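Hello,

Here is the structure I promised to pass on to you. My notes follow below it.

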Number of protein chains: 2
Amino acid sequence: MRTKIKDLKNPPKGFQEIIGKEVTIKGWVRTVRNQKTFTFIEVNDGSTLSNFQVIADPEIPNYQKLAEQLTTGTSVSIEGAIVESPGKGQAVEMQAKSIQIIGSCDVENYPLQKKRHSFEFLRSIAHLRPRTNTLGAVARVRSALAYATHKFFQEKGFIYVQTPVITASDCEGAGELFRVSTLDPEKAPRNEQGGIDYSKDFFERPAFLTVSGQLNGEIFALSHSDIYTFGPTFRAENSNTSRHLAEFWMVEPEMAFCDLDMDMDNAEAYVKFLLQYLMDNCQEDLEFFDKFISKGLIDRLKLIIETSFERASYTYAMRILEKSGERFDYPVRWGLDLQSEHERYLSEKYFNKPVFITDYPKEIKPFYMRLNDDEKTVANMDLLFPKIGEIIGGSQREERHGYLKERMKEAKMNLDDYWWYMELREYGTAPHAGYGLGFERMVQFATGVENIRDVIAFPRYPGKAEF
Amino acid sequence: MRTKIKDLKNPPKGFQEIIGKEVTIKGWVRTVRNQKTFTFIEVNDGSTLSNFQVIADPEIPNYQKLAEQLTTGTSVSIEGAIVESPGKGQAVEMQAKSIQIIGSCDVENYPLQKKRHSFEFLRSIAHLRPRTNTLGAVARVRSALAYATHKFFQEKGFIYVQTPVITASDCEGAGELFRVSTLDPEKAPRNEQGGIDYSKDFFERPAFLTVSGQLNGEIFALSHSDIYTFGPTFRAENSNTSRHLAEFWMVEPEMAFCDLDMDMDNAEAYVKFLLQYLMDNCQEDLEFFDKFISKGLIDRLKLIIETSFERASYTYAMRILEKSGERFDYPVRWGLDLQSEHERYLSEKYFNKPVFITDYPKEIKPFYMRLNDDEKTVANMDLLFPKIGEIIGGSQREERHGYLKERMKEAKMNLDDYWWYMELREYGTAPHAGYGLGFERMVQFATGVENIRDVIAFPRYPGKAEF
C-alpha cells in the first residue's frame, strides 16, 4: 500500500499516529544531497506542494548504485519508517529501508533543472510544467475552486446543466466564432449559387463553438428554478494578450423568480465561498503564492471574504469618474463603456473593495438584458475586483416578450434563429437573472498568477493548440 | 422570501416545523381542478418531481378571474399557510391567501398538454421538455451523478484537470473528427501546392475537437499522481442510433503507480459510489423511473451496489462463448472483437452481474495500452453491465519508451506529433492506468431511459445542432 505524502505531511489523526510506522511512498525525486555518511532525498508526489524528506544510509541495498541513479525527475518507490525530524522545515521524515527506481530520468536532457524557469519557457513544455512548484500548485488550487463551485451551487439546490459546446446560434450576436465542420475544406460541396452547401455538413447547417451557455441555461431556469452551467466556451478573437484565451471555462448560474439584487447577493456569496474554501483547504499553496508570486495575496483574499461588496449604478460611477480629477486616456461620458482604467479607479482608488456597477446604457449591452423603467438603461451588473477588474458580468434577463422582440429587432438579429428563446416568454415566463464568471480569471485572482495562459492546463490562443 | 417545494415536501426538520407557517411558493401550474366551492392547483418548481397542492377558495382576491387565467404552464407566486392535507398523496398542502400570476401561458398553443408525449416529439421542443416529469427527473439525476463524480474523486485526493476541447492531436488515431477553423470556407487561402494553407488558420495548423482527454490526463498523473477529467468529447461518426451522440461527456481518471487491478478496484468503487449517492439523494426520481420508464430499475441498481464485480480475461471469455452453445450472429474466435451480443451473453446470462473483461489481443486495441508479458495481449479492461453493455473502458498505459515506440510504428502513427507523449516515458516514467466512463451511458443506466438523446440537455447528432 502506498501512502500519499499529503497524509504524512498533514496526518488526519496527528503525527503521533504515524511516527514509527513503516510506509511506502511513491513519487518523483526533486533533489538529492549526498552527505558523507548518508543521503537526503526530497520526494514529491503532487498530492502536496512540499516534498517529503527521506534519509538513506549505506545500510540500504545498492546504496552506491542508487546514489548515482537518483537524479532530479527520477520516479521512485521508497519503503521505510517514519521518524521525528531533527531538522527544520518538517515534523517527520523517513528513514529508508529500501529504494526502488521505477523510472530513470535522462539528466542530460531533462528540461526541469534546479533553477527558476520563465513562465514562457514552461509553456513550451506543458507536458512537464505541472511538475514545477508553481504550476503544480495552480493545478491544485484550480481543482479546489472547481469543486467548491459545485459544492456551493449543489448545496443550495441548484441543478448542474451541461450545455452544448457545438451550437447553431450565437449568444451575443457578436464576437468571432470558430466554425465546426466535417466538410473537406479542399473540396467542399457547393450549392447552386456557388456557395458552400452546408446542408451536406454534419449538422446540415453552419455550426460553431459556443460563446456562452446562458441561453440554454435560461431554458432550465424556467423549468428547475435554479441551475448552473460549468463548461468550456470559446472566442476566436485574435487577441494575443495575457488576459485572453481562445478556449476557457465559464460558470453561469441562472435563477428564476430572481431580480438583479438577488443575482448580486448570489454572486457575492459564491465568490466568498470560493475563497473561504481555498483558505480552508489550500493553505500551503496559498502561502507559496503569497511568498513567491504575489506578495500580500492572502490578505487580499481575506479582505474579499470579510468585506461587504459595494453597489453603484453606472450613472453614479460616471459622476464619480467625472469628479475624480484623474486624467484618463479614454473619455468619460454617459453612454460610453467603462475602460479598465476607469474600472481600476473605481475598485482600487474610490471604493477600495469589490464593487458591482449596475444599470448600464442599453446601447452598449446585449439584447437579452432587461430594460429598466427609465427605458435608457438595463438591469445588469459587472463585478469589479481590485487588481483584476471585471470578474463577473450578469443581468436580469428580459422576460417580457414584446420588449425582447423590440430589442432583437433593434440589434438586427434574425428572430427565426431564436424562436425557442422567444417562446420561453410566451409560456409561463418569469423574471430571471444570472451571471457568468470567467473561471480562469478567478484562478488568476486566487493565485496571483499574472498570465491567463498559466492558470489553465493547456492554453489555446492564436497559433497554439499543441499538447 | 420564496420557499422551494422540495423543502415543503421533505422539510429538513420535519412537518411539525412547517405546519401553520405562512410561506410563498413560486413555480409553474401543472394542473387546475375547479370544484364547486374551491380550486385545487398543482404547482411545480423543478426542485422536486412531485407537485405541491394548493387550495384556493373564493375568499382570495380575484378568485373568479384567476380561475380562468390559471392554465397549465402559467407561472405563479402563491402565498398561504401550510396545513395538514386530508387527501392522499401528500402530507401537507397550502391554503392560499393570495395568488399572483407572473407569466400567463398561451393555452391554445402550449405544446405540453396534459397527455403523454413521445420522446421524439419532446426532442423537437427541447426548450420545454425539461418541464415534463421524465426529462425534469433526468436533469436532476444527471446533476446528482455529476456532483457525485466530483465528490468521489475529490474525497480520494484526485485533482480535477480540465483538458482542452480543441486539439491538434487525435488520441486514438482513429474515428472521424470535427474540424475547428476560422478560415472562410468560401475563400480559404491556398498554399503553393494548391491545398488549404492552414498556417493562415487560427492555430496555424489543422485543429479538431478532442475525442478524449486521456493523453493530456496522463501528463498530470505523472505530476500529481491521481487526477480525473470530466468534460465534453466528440465523435463525427455518422451514427444515427439511440446509443451515439456527436457530443458527449466523459469522466477519465488517471492514476500513477497503478496497475490494471488497482484500476479496476477504483472503477468498481466509483460506479458503486455513484449509484449509492442516487439512492441517498434521488429516491423520488428513481421511484418514478422504476414505475414509469423501466420496471425493476431500483433492484438493478441495488444489485450493482451490493454485488462484487467479476473479472475474466478475454481469452477465458472466448472459451465461455465457444462452449455456450448459443447461436451468435457474429463469429467467436480468438483475435476478433466482442460484439454486443457476446457482451450481453457474458454479463446477462453467464455471469449475471457486472464483469470486467481484461487482456484483449493487442491488434484490436489502441497503441497506448500496455503490452502484457505474453506479447499478444494488452493490460486493458472493459466493464460490461447487464442490459447496457460496455460502460467503462480502461487500461494500464504503456509506460516503457521502447515498447510504446514500437507499437506506434506498427500503428503507422506520426511519432513527431507525439513527441511530448513519448518524453513522459523518458523523464521519470511510472506505471499508470486509467479508464473512461461515458457519462450519458451511466445516466441511461441509472434512469432506464433508452435513447441517449434523452439523457443530455441538448443532444447533437447528424443533422441536429438546434437549441
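Chain B of this predicted model holds a closed barrel of five strands in the order S1-S2-S3-S5-S4, with mixed pairing (strands pair if DSSP finds at least two bridges between them; helices, H or I of at least four residues, and strands, E of at least two, are DSSP runs numbered from the N terminus). Within chain B, S3 (residues 52–56) and S5 (residues 92–103) run parallel and are joined by two bridges, with Ile55(B) standing opposite Gln95(B).

A few words on conventions. Residues are numbered from 1 along each chain as written, and chains are lettered from A and ligands numbered from 1 in written order. Local features need pLDDT of at least 70, side-chain atom pairs count only at pLDDT 80 or more, totals for chains, interfaces and linings use all residues, and side-chain values use heavy atoms, without hydrogens and water.

Arg123(B) sits in helix H3 (residues 119–124) of chain B. Arg123(B) counts as buried because its relative accessibility is 14% (buried means under 20% relative accessible area, exposed over 50%, partly exposed in between, with a 1.4 Å probe and protein chains only). Its C-alpha atom is 7.6 Å from that of Asp454(B), although 331 residues separate the two along the chain.

Now the interface: four salt bridges are counted between chain A and chain B (a side-chain nitrogen of Lys or Arg within 4 Å of a carboxyl oxygen of Asp or Glu). Arg190(B) forms a salt bridge with Glu186(A), with the closest N and O atoms 3.4 Å apart.

Enjoy exploring!
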